[in-house]
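Q: Could we go through the helix packing and the sheet in this model?

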Amino acid sequence: MKIDLTETTSSKINAALVQARRAIGTPAIGMVLTLVIVTDEENAYDALKSANDASHEHPSRIIVVIRRVSRSPRSRRDARLDAEVRVGTDSGTGETVVLRLYGDLVNHAQSAVLPLLLPDAPVVVWWPEEAPSDVAGDPLGSLGQRRITDTYACEDPAAHLGARAAAYAPGDTDLSWTRITPWRSMLAAALDQRPLKVLSATVEGEGENPSCELLAMWLADRLQVPVRRTVSEGPGLTAVRLETKEGDIVLDRADGSLATLCMPGQPDRSVALKRRDTAELLAEELRRLDPDNTYAASLKFGVAKLNTAAAAKPAATAKAAPEPEAEASAPDSGSTKPAPAKPAKKPAAK
């Protein structure tokens with residue numbers, strides 16, 4: 001059931017919700033949270049479809065906030081609120097309210113959303129595309145216990161990761177982090193099965209994919225080893241290699257669906273590691289409403305610090321490799337150093 005409201009108010013929208021529930025014969029409210037989606041007209045359909053799919057696991061009231069750009073100075077002064085109420089089969093397993101804000105109301109969206117929140121229920125705010133630099137300080141973001149962004153949809157993912165780290169507040173999370181949950185679980189299980197000391201790591205994936213940076217920062221933060229970030233053609237994250245004394249632990253996913261896990265002394269295994277859609281990622285994030293401390297620690301490790309570690313990694317391994325041979329043949333290892341090579345040639349020339 002759909003109800004269109006033009007130049008309306010929050011109280012009229014609440015009345016329309018009650019009317020719609022009675023009309024379809026479900027006066028009781030069985031929703032567990034309020035999901036606020038902040039988006040534009042272009043991306044509203046895809047975001048709402050993903051939220052409706054996720055609502056089958058988490059029945060919720062979905063409030064879509066669309067800020068409409070006014071075409072003239074006069075229309076920018078005239079505040080107006082249009083709404084669309086959907087209940088029943090048109091709204092997954094919960095209720096949907098689509099708000100279109102015009103004029104000065106665009107800058108005060110929280111005043112229209114606040115009366116529509118479910119009482120005594122958690123609030124989650126989601127930006128499917130571009131999000132403010134400080135999502136916790138945003139008027140709409142301050143309404144939620146959890147704030148979900150997606151740096152993959154940004155123009156410069158690495159810069160946005162830095163902004164997220166600088167303005168992080170408990171409750172912030174990112175779908176780019178959610179995308180690597182199966183990878184983190186598989187790598188952690190591999191190290192639990194074979195507790196080997198990791199010397200270094202390599203993360204391979206697309207160049208503009210922030211999930212690769214987040215996975216590399218997670219490995220660097222948890223293992224305290226140099227992590228190298230390499231670029232591949234994708235799709236997405238393609239491989240992770242952990243270097244140990246007994247051999248490399250490799251998780252390789254070349255086709256975006258099926259991965260191969262290689263461990264020293266064990267046969268190779270195929271594991272399902274398919275790329276998930278937005279609805280699955282959103283449903284996973286809605287399962288927990290407490291702060292994600294692991295995400296916070298990995299995010300604050302910093303992309304710049306990761307790049308430094310990656311640049312230092314070849315030099316560190318170059319110095320570490322000759323050390324066993326240096327004990328057996330010190331003169332040969334000393335003659336290969338670039339610095340003493342120049343003074344050694346001068347006496348020879350004389």
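This is a predicted model: local features need pLDDT of at least 70, side-chain atom pairs count only at pLDDT 80 or more; totals for chains, interfaces and linings use all residues.

Q: How do α7 and α8 cross?

A: The axes of α7 (residues 181–193) and α8 (residues 210–223) come within 11 Å and cross at roughly 30 degrees. Axes are lines fitted to C-alpha atoms, for helices over the stretch in contact, and angles run from 0 to 180 degrees between N-to-C directions. Helix α7 is therefore roughly parallel to α8 (angles under 35 degrees count as such).

Q: Which residues make the contact?

A: Trp183, Arg184, Leu187 and Leu191 of α7 meet Leu215, Trp218, Leu219 and Leu223 of α8 (contact means heavy atoms within 4.5 Å).

Q: Turning to the sheet, what is the strand order?

A: The open sheet has six strands in the order β10-β9-β11-β12-β13-β14, with mixed pairing. Two strands pair if DSSP finds at least two bridges between them; helices (H or I, at least four residues) and strands (E, at least two) are DSSP runs, numbered from the N terminus.

Q: And which strands are at the edges?

A: These are β10 (227–231) and β14 (269–272), each pairing on one side only.

Q: What does α8 touch there?

A: Helix α8 packs on the sheet against β9, β10 and β11, and its direction makes about 175 degrees with that of β9.

Note on methods. Residues are numbered from 1 along each chain as its sequence is written. Side-chain values use heavy atoms; hydrogens and water are left out. Angles under 35 degrees count as roughly parallel, over 145 as roughly antiparallel, 65 to 115 as roughly perpendicular and the rest as oblique.
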